[in-house]
Amino acid sequence: MQTAASSMPAAGTETVRQYTTFHVDNLFFGVDVLKVQEVLRYQGMTRVPLAPPVVRGLINLRGQIVTAIDMRRRLKLEPRDDPSALMNIVVRFGEEAVSLLVDEIGDVLEVEADRFERRPDNVDAEIRDLIQGIYKLNERLLLVLDIGKTIAPVAGEVRGARK
Amino acid sequence: MDDIVKEFVVESHENLNQLDQDLVALEKAPGSPELMARIFRAIHTIKGVAGFLSFSKLEAVSHSGESLLAKLRDRKLSVNAEIISALLATSDVIRQMLNAVESAGNDGENDYGELVERLEALADAEHEFQAPAVETAPCETVPAPEPAVILGAIHATASGVEVRAEARAAPEAARAKASQVHPSHPDAKAKSAAEETESARGADADSEHEHPNTAGAIDANIRVNVSLLDRLMNLVGELVLARNQILQFSARTHDAGFLSTVQRLNLITTELQEGIMKTRMQPIGNVWSKFPRLVRDLAMLCGKQVRIEMEGEETELDKTLIEAIRDPLTHIVRNAIDHGIERPAERLAASKPAQGCLFLRAFHESGQVNIEISDDGGGINLERVRAKALERGLITHDQSAQMSDNEILNLIFSPGFSTAPKVTNVSGRGVGMDVVKTNIEKIGGTVDVQSQSGRGTTLKVRIPLTLAIIPALVVTCDGDRYAIPQVSLIELVRLEGEEVGKRIETIHGAPVYRLRGHLLPLVYLRQVLNLGGDWNPAADCQAAHIVVLQVGERQFGLVVDEVNDTEEIVVKPLGKQLKGIAAFAGATIMGDGKVALILDALGIAQLSGVLAESHEAARADDRHEGRAGDSRQRLLLFQAAGFERLAMPLSLVARLEEFSDAQIEHAAGRRVVQYRGRILPLVSLEKILGDAGTQRAPGAQSVQVVVIGQGERAIGIEVDHILDIVEERINAPRMSERPGLLGSAILGQRITDFLDVRAVIGEAGHNWLARDKSETVERARVLLVEHEAFSRELVRSYLEMAGHQVTEAPGR
C-alpha cells in the first residue's frame, strides 16, 4: 500500500467509492470492492501447526490454496465460540489470494470521498496500523481496512521459523 | 515501457548470450565465416534497433564493437585474446545498458568512452597485423559481392544516418575516432559504408542460404509468459484432482455411456497433463550456454588454459529446476577451474596437454536427470582434505584412520570446508560445496564426487525431472493428513502394542530405535508440530509408525499416527504468512478436496535438532555397513502356510501391501486383485509348501501380500504375517528337498526357512524368461559359478527375477 493512498484513497479523481463491508465484533469495516474476489460461507479448512495464531487454516478454493486469517485474532478480539458462523471474504493482494474470516457480511456501500478522515490517534497503535482511514457515515463509522498490512506476516509470531 | 522496447530488451539479451558463446568459439576457430557472420549480425541488430529507439549511447558502443568486428571479418586484423576480451566487455556493457533500459527506460548515466576508445584502438592496430599463411587462405573463399547490391546501397545510406546520430550522441568519441582513423584511411567514411554493405549482404546471404528454414522455425514458435504456463499447470493439477474424484464416483455406477465418457476424460486428462508438463521443460543447454564465457574468463584470470566440452545439452528438465541448478552448477564449474585444473607448466610436467578440459554431460536415467561435470585436473588431494578436516575439527584422528577414501572425499561437502590455500577472487568466498549440496538436495537431488589423483575429478548431480507433481507418502498425525515426498523416504517400520514401549528406547529423553542394529534417532511428528500438548509418546501410542527419512547422508525416524498410502500430489506454494515455517515445503489438495501440508524432511530435522550432532555417528554406521556388506543379506522375514519363520531376499520385494477380502476377485480360477491399474495374481504359499495345518486367524478381514516383480510381471504372495526386515549373515545353510523351499539357515540365532521364489513364480504361471515387448534392456545369459548350492540357488533366483537366463556350474 502506498502511503499516499492510505491517507486519501479518493484523492480528487473520484468522488464516490465502493466498499464491501463486514462486521467483526462491533467494528464495521470496508474493503475496496475491486479487491474482493468472492464471499463464501465458512469452509472446512486444514489447520497449520506452528503457524501464527491469526492463521486459522488453509482452504481449497477450486484448486487454489488460500490462507484464512481470523480477523478477530488479528484485531486482538476474543475469538467466537462457534467458528462455523464465520464468513470468508476472499481478497486479492498482488499475486496472492487471502481469505478474511469475519463475523458477518454487510452490503456494498457507495461512500463520498468528502466523508473521509484520517484515523484518530487514540486507537491502539497496532490496530490503527490496519486502518487506512475512516468514513463518517450517517449512523456509524466505516473503517477502511489496509489489506496489505492485515495479511502481512506478523513479526516474531512464527514458531519453528527457518534457520 | 513500450512493448517494442520490452521486446528489444528480451531479444537482445538472448542475442548477447549467443554472442558470448560465439565469441569464445571464434577465439578457437578464428577462420569460421559462419561464426563471424552470426556475431556481426547480433551486434548489428542491436546497433540498428538502438538507433531506431534513440538509445544513443547503446548505439555508439555497439557501433564501435561493430567496426572492430568488420576489420576482423575483412581480415585486416586477426583474432586474438585481447580483441575477444574487448568484445566480451562490449557485450557486458550492452547488457548493463539494457538493464538500465529495462529499469529506467533510458540507456543509463554511465559513460563508456573508455571502452569505445579501447575498441577503436584495437581496430586501428591494423598495421601490426601479419596474416599467417593459414589464415589468409580462407580469405580467398569469401565470396565476391553479388546480387544484394541494391540492398547494400540502401544500407549504406542508412549507415550514413547512423553515423550522424552517433556524432550527435558522442561527439567527443567521434572526433577522437576521426583523428585516429583519418591518417591511415583517407576514405574511412566510404569504407565504413562499404563495410555496412558487406555486413548487410553477409546477413542477408546468411538468412537465405544457411538457414533456409528460419522462417518456418520462427512461425513454429511463440513466446509465452511463464506465469501463464504456471497457471495452466495449476489448472491441470486441479483437473487431475477432479478427474480422480469422478473416477471414484464412476466406480459406483453401471451406466455404460457415463463410464466410457469417464474413461475418455481420464485419458485426455493424462495426456493434457503430460503436454503441459512438457511446455515447462527446457534444455539444460540454457544454463550451460553461459559456461564457455565463464570458463574463458576464469581461465584467463587464473592463468590456465581450459577448453570446455558438452554433451547432452538438449536434455530437458522443468524450468524451476533449471533456475535452481544454475548457481550450484556455476559454483562447481568455478571450482573445477580454480582448484581442479592445473597451470599449463604443471600439466606439461605431468605429461598432460597444457590445455585442460572441462567436460559437461547430461542425460536422462530412470526418471531423473544426471549431470556430470568432469575435469582432467590434478584430482582432489585426499591427504590435504584429511588434514584440513582434522584441523577444522570435522573429524577426529581415530575416525580419519578408519575412513575410506570415498568418505574422505565426501568431506568436501561438510559445512565450513575449503581446501583452497588462499582465498582467490574465483573461489573461497565462504560459499562452499556444502551450499552446493544443500541447494541440490533442496530440490530433491543428490550430488556425489569421484576423484582420481592426477587424473581429475567428476561431480555427479542427480535431480528429478520436475517438482510440480511428485509421488508422496500420505501419513496422519492428530487427525490431519500430511504428505512426505517420496524422495526423502527410505522405509517404513511399524511397531504394535507392547513393542512400542520395548523397542523405542530413550537416551536422556531422546527416543531412538534399533534399526538392523544401528541406532536411528526418532522424532515424534506431534511434538515437532506442537500438536496435542499433554500427549505422552510412551503411554498414548497403541502402534507406532516410523517413517525412516533421509536427509543428506543421515537418517532419522519420524513417528506418525498412521501411514495411509502413496499418491501423486501437485505441489502448491504456501502464502507468505506461512513461508517461514521450516517444517513445510508446501501444500497440496488431496483426492477428497481437502488441503494437506507437505512436510520438509530437512526442515523437520533442523527444527527437532535430531541431526545436530549425529553426523559422525552416521558416518561410523556407513563404514560399519560397508565393511560387513559383502557377507550380509537384507532379508524379509514372514510367516506363511504354518511356517513360523520364512525368509526371502528383500531386493526381490517390490512392495508390501494389505488387501481386504472384499478386494479379492477371481480370474481364470485364480485369486487376483486390481492393483495399480493391472491385475495382480495372488499366490498362496499353502499350495506350494503344502498345508502345514494352521490357517490364518479366522477373524481376519484382510490378507498381507508381498508384491514381487514390476508391471506385467508383478505377483502377489499371500502371507500370514510380516515379521521383520533384517540384515544378517546367513549361517550354516542346508539345502532342502521340500518343494518351494531353497533350504534352511541360521539367521539371527534362529533357524529360518528360505522361500524358493522361482517355485512361486512357476505357480503363478508366469514365464519370466519370455521377453516383455516393451523391454529395451538386453537380457543376458549368465553362467553362474558358485560351489555352495544354497548361495547358488539364491543368486539364481535374483538373476532370473531380473530376466536373465542362468546356466549353473557347481564350480571346483
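Start where the two chains of this predicted model meet: select 26 residues from chain A and 27 residues from chain B, which together make the contact. On the chain A side, colour strand S4 (55–61), strand S5 (64–70) and strand S7 (96–102), each of which supplies at least two residues that touch chain B. The largest share of that side, 4 residues, comes from S4(A). Now colour the chain A side by residue class: 14 residues are nonpolar, 6 are polar and 6 are charged.

Next, stay at the contact and select B:Lys572. This residue sits in the loop of chain B between strand S16 (562–570) and strand S17 (584–589). Leaving aside residues up to four places away in sequence, B:Lys572 touches A:Ile65 from the other chain, along with B:Gly586, B:Ala587 and B:Thr588. Is B:Lys572 buried or exposed? It has 20 other C-beta atoms within 10 Å, and 20 or more count as buried, so B:Lys572 is buried.

Then move to helix H3 of chain B, residues 56–73. Draw a distance between its end C-alpha atoms: they are 25 Å apart, which agrees with the 26 Å that 18 residues should span at 1.5 Å a residue. Show the surroundings of H3(B) as well. Of its 18 residues, 16 are buried, so the helix is largely enclosed by the rest of the structure.

Key: Residues numbered from 1 in each chain as written. Chains lettered and ligands numbered in written order. Predicted model: local features only at pLDDT ≥ 70, side-chain atom pairs only at ≥ 80, totals over all residues. Contact = placed C-beta atoms within 7 Å. Nonpolar A, V, L, I, M, F, W, Y, C, P; charged D, E, K, R; others polar. Expected span 1.5 Å × (residues − 1). Buried ≥ 20, exposed ≤ 12 C-beta atoms within 10 Å, placed from the backbone.
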